[in-house]
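Dear colleague,

My notes on it follow directly after.

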2 protein chains.
Amino acid sequence: MATVAPHDSHASQNGELPSIESNGNTATRDRLLVAALEVFAAKGYGQASTREICKHAGVNVAAIHYYFGDKATLYREVFRIPERLVHLPAELDDPATALSDGLRVWYSHVMSFVLAPDNGSHIRLLFLREQVQPSGLLDTNRAGILRPYHAQLLRFLMPRIGIDTPDPRAHQLVFSLVGIAMVLFVERAAVRILAPGILDSEPQVAATVEVLVGYAQALVAAECAHRRDAKKTNTNKEKS
Amino acid sequence: MATVAPHDSHASQNGELPSIESNGNTATRDRLLVAALEVFAAKGYGQASTREICKHAGVNVAAIHYYFGDKATLYREVFRIPERLVHLPAELDDPATALSDGLRVWYSHVMSFVLAPDNGSHIRLLFLREQVQPSGLLDTNRAGILRPYHAQLLRFLMPRIGIDTPDPRAHQLVFSLVGIAMVLFVERAAVRILAPGILDSEPQVAATVEVLVGYAQALVAAECAHRRDAKKTNTNKEKS
DNA sequence: TTGCTTGATTCAAGCGTTTGCTTTAGTGTG
DNA sequence: CACACTAAAGCAAACGCTTGAATCAAGCAA
């Protein structure tokens, strides 16, 4: 009955990404993807209407059905955008990187998305939404853009706090390191009011990053100290 | 034309809260409020339908119009619930409270809402939603349940880090103290997967609180150290 | 060049459903 | 009767999605 449309002619058997130059009029498809990213980020899945997305993209409402099949598939496809865009800083995986340098690189990387409302910040907002209100449309293992950040930070820290397998405290340390930055995103409205002059310009963000690095070092040092004490106690116990 | 309905016969001239035993059938009104709290928390303002709220409350759809006028007013009224429920721990305002004790009280208070999906946790989720996606329906000065927490924590810390008026760094310290706890809420799905055994039972939460208290003390100490150094540098500069 | 075919893409219109809200009729109590 | 309240039906608008026709470029024979 219906013509074989692009959206299901994509060979999804192989795991590779549907190339951005797949088939069909990629200009329309891409404009739709970008528009969907922006509208989904601004309003969330449920509140974003297909009509608005199409109007924003300058295409007909039928284009969503034609290229993606339905709204849910378009949403899932939008979530695949970061697979092409997110690059984690490589310094963190270098064993020679000093603790403070690695932390500085990491926080600079994360906080760079505070300024400049480009695609990147839209993607972050989208993932944050998915945390607060899971749409149920995504594979759970893909949801959570913070997952790779967490994993990389954990890899970076483990040797530097003297362990080789993660334990609950190590995870909580990483969560705390993430948290002192994330709160500035989530509470950004409050930050703007209570502490203006923290995130409003490039040099301010740089200064904020330095504070974060200092705090992070304190957290890591506290964790190291705690582990030393625990070890000492254990050794004493074994002696007695 | 329309009967003078309860929703606009409430004396809103005086600033006092509309008593929960105002007029009309308070049972229906309250069940509507509680149901709205739960549905709004679960789905957000836009995705929550008035029909679902009424069905959940076991009342007719016309009841919303009768008691509140419309959906937006109901939403605003739901946001007034915490004014009757949120009690901040008083120990924090006692100058004699030790730093570690105050932090422990505060984190215990905050983390108590992680367990037990009662009204409290619904309220938190609701406010978190409003942070991520402001509905535009609330007065900006009321939005942000974290505001009083932030203010109280700031009051508690200022004398303990040796200042008497807040500055940007003090605010960022408070944000960081809030952040290491908030990340466990926002990223709770990730926490459950990556670090099971952190938030799943009462004793686990207690242990997590202890870790948070330790980290918080480290952050405060780092801030104090930084301020000492800065002061010393300033003094040296003045001498030269 | 010309006319024709074919497949891909876009378009306007409209389908059925759900939305927030209203209306009208009704119920029970003082 | 008067009043506070509830129930059921329905309205206009917006929703996701579908449809059939219009448009366009490419290929090809005459």
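In helix H5 (residues 71–78) of chain A, the buried residues are Leu74(A), Tyr75(A) and Val78(A). A residue is called buried if 20 or more other C-beta atoms lie within 10 Å of its own, exposed if 12 or fewer, and partly exposed in between, with C-beta atoms placed from the backbone. Helices (H or I, at least four residues) and strands (E, at least two) are DSSP runs, numbered from the N terminus. Viewed down the axis of H5(A), the buried residues fall within an arc of 100°, so they line one face of the helix; the arc is that of the directions from the helix axis to the C-beta atoms. The cover over these buried residues of H5(A) includes helix H2 (26–43), helix H4 (62–68) and helix H6 (81–85) of chain A.

Please note that this is a predicted model, in which local features need pLDDT of at least 70 and side-chain atom pairs count only at pLDDT 80 or more, while totals for chains, interfaces and linings use all residues. Residues are numbered from 1 along each chain as its sequence is written, and chains are lettered from A and ligands numbered from 1 in the order in which they are written.

As to the chain as a whole, chain A has 12 helices and zero strands. Of its 240 residues, 35% count as buried. Among the contacts in chain A with a separation of 6 or more, 63% come from residues 24 or more positions apart; two residues are in contact if their C-beta atoms, placed from the backbone, lie within 7 Å.

Lys43(A) is located in helix H2 of chain A. Lys43(A) counts as partly exposed because it has 16 C-beta neighbours inside 10 Å. Between Lys43(A) and Glu130(A) there are 87 residues in sequence and 12 Å in space, C-alpha to C-alpha.

In chain B, helix H3 (residues 50–57) has Ile53(B), Cys54(B) and Ala57(B) as its buried residues. These fall within an arc of 95° when seen down the axis of H3(B), so they line one face of the helix. After H3(B) comes Gly58(B), with a positive phi near 75°.

How are the two chains related?

At the interface, 42 residues of chain B are in contact with 42 residues of chain A. H10(B) gives the most to the side of chain B that touches chain A, with 13 residues. The residues of that side divide into 23 nonpolar, 15 polar and four charged; Ala, Val, Leu, Ile, Met, Phe, Trp, Tyr, Cys and Pro count as nonpolar, Asp, Glu, Lys and Arg as charged, and the others, Gly among them, as polar.

Finally, the largest nonpolar core has 98 residues, and those with the most contacts inside it are Ala36(A), Phe40(A), Leu219(A) and Leu219(B). Such a core is a set of buried Ala, Val, Leu, Ile, Met, Phe, Trp, Tyr and Cys residues joined through C-beta atoms within 7 Å.

With kind regards
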